[in-house]
Amino acid sequence: MDEKIERPCPKCGSREVSRSRRHGVGERLLKFLMIVPFRCEVCNVRFFQWAL
Ligand SMILES: [Zn+2]
């Protein structure tokens, strides 16, 4: 029913999230694991989600 994969902010629940740029080598490893960083536009928290 819900085709779009939503990635709400885990802190405030906002859907105003954007994909964040990677920082450091640790996040290159995350990319290998298909995990990408996101950033909430509302509360500015960074979090990680599967890229799938
Ligand atoms: Zn938030």
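A residue counts as partly exposed when its relative accessible area lies between the 20% under which residues are buried and the 50% over which they are exposed. Leu 33, with a relative accessible area of 41%, is therefore partly exposed. The model is predicted. The protein has one helix and three strands, which run β-α-β-β from the N terminus on. Of its 52 residues, 21% are buried.

**Zinc site**

- The zinc ion has four protein donors, the SG atoms of Cys 9, Cys 12, Cys 40 and Cys 43, at 2.2 to 2.3 Å from the ion.
- The angles among the four donor atoms are 106 to 118°, and the site is tetrahedral because all of these angles lie between 85 and 135 degrees.
- Along the sequence, the donor residues follow the spacing C-x2-C-x27-C-x2-C.
- Cys 9 has a relative accessible area of 4% and is buried.
- Cys 40 is also buried, with a relative accessibility of 0%.

**Strands β2 and β3**

- Strand β3 (residues 46-50) pairs with β2 in the antiparallel sense, over five bridges.
- Within this pairing, Trp 50 in β3 has Ile 35 opposite.
- The hairpin of β2 and β3 has five residues between the strands, and Asn 44 takes a positive phi near 70° in this hairpin.

**Nonpolar surface patch**

- Leu 29, Phe 32, Leu 33, Met 34 and Trp 50 make up a nonpolar patch on the surface. Together these residues have about 600 Å² of accessible area.
- Leu 33 lies in the loop between α1 (24-32) and β2.
- The 41% relative accessible area of Leu 33 is over the 30% needed for a patch, so Leu 33 passes that cut-off.
- Trp 50 belongs to the patch and is also the residue that Ile 35 stands opposite in β3.

**Salt bridge**

- The structure has one salt bridge. Arg 39 and Glu 41 form a salt bridge in which the closest N and O atoms are 3.7 Å apart, and the pair counts because this distance is within 4 Å.
- Glu 41 is partly exposed at a relative accessible area of 44%.
- Arg 39 is partly exposed as well, at 27%.

Note on methods
Residues numbered from 1 in each chain as written. Predicted model: local features only at pLDDT ≥ 70, side-chain atom pairs only at ≥ 80, totals over all residues. Heavy atoms only, no water. Donors = N, O, S within 2.8 Å, 3.2 Å for Na, K, Ca; no water. Tetrahedral: all angles 85-135°; square planar, octahedral: opposite > 155°, others 65-115°. Buried < 20%, exposed > 50% of the residue type's maximum accessible area, 1.4 Å probe, protein only. Patch = residues over 30% accessible without salt bridge, like charges linked within 9 Å, V, L, I, M, F, W, Y side chains within 5 Å. Areas by Shrake-Rupley, 256 points an atom, 1.4 Å probe, with all protein chains shown as cover. Salt bridge = Lys/Arg side-chain N within 4 Å of Asp/Glu carboxyl O. Helix = DSSP H or I, 4+ residues; strand = E, 2+ residues; numbered from the N terminus. Pairing = 2+ DSSP bridges.
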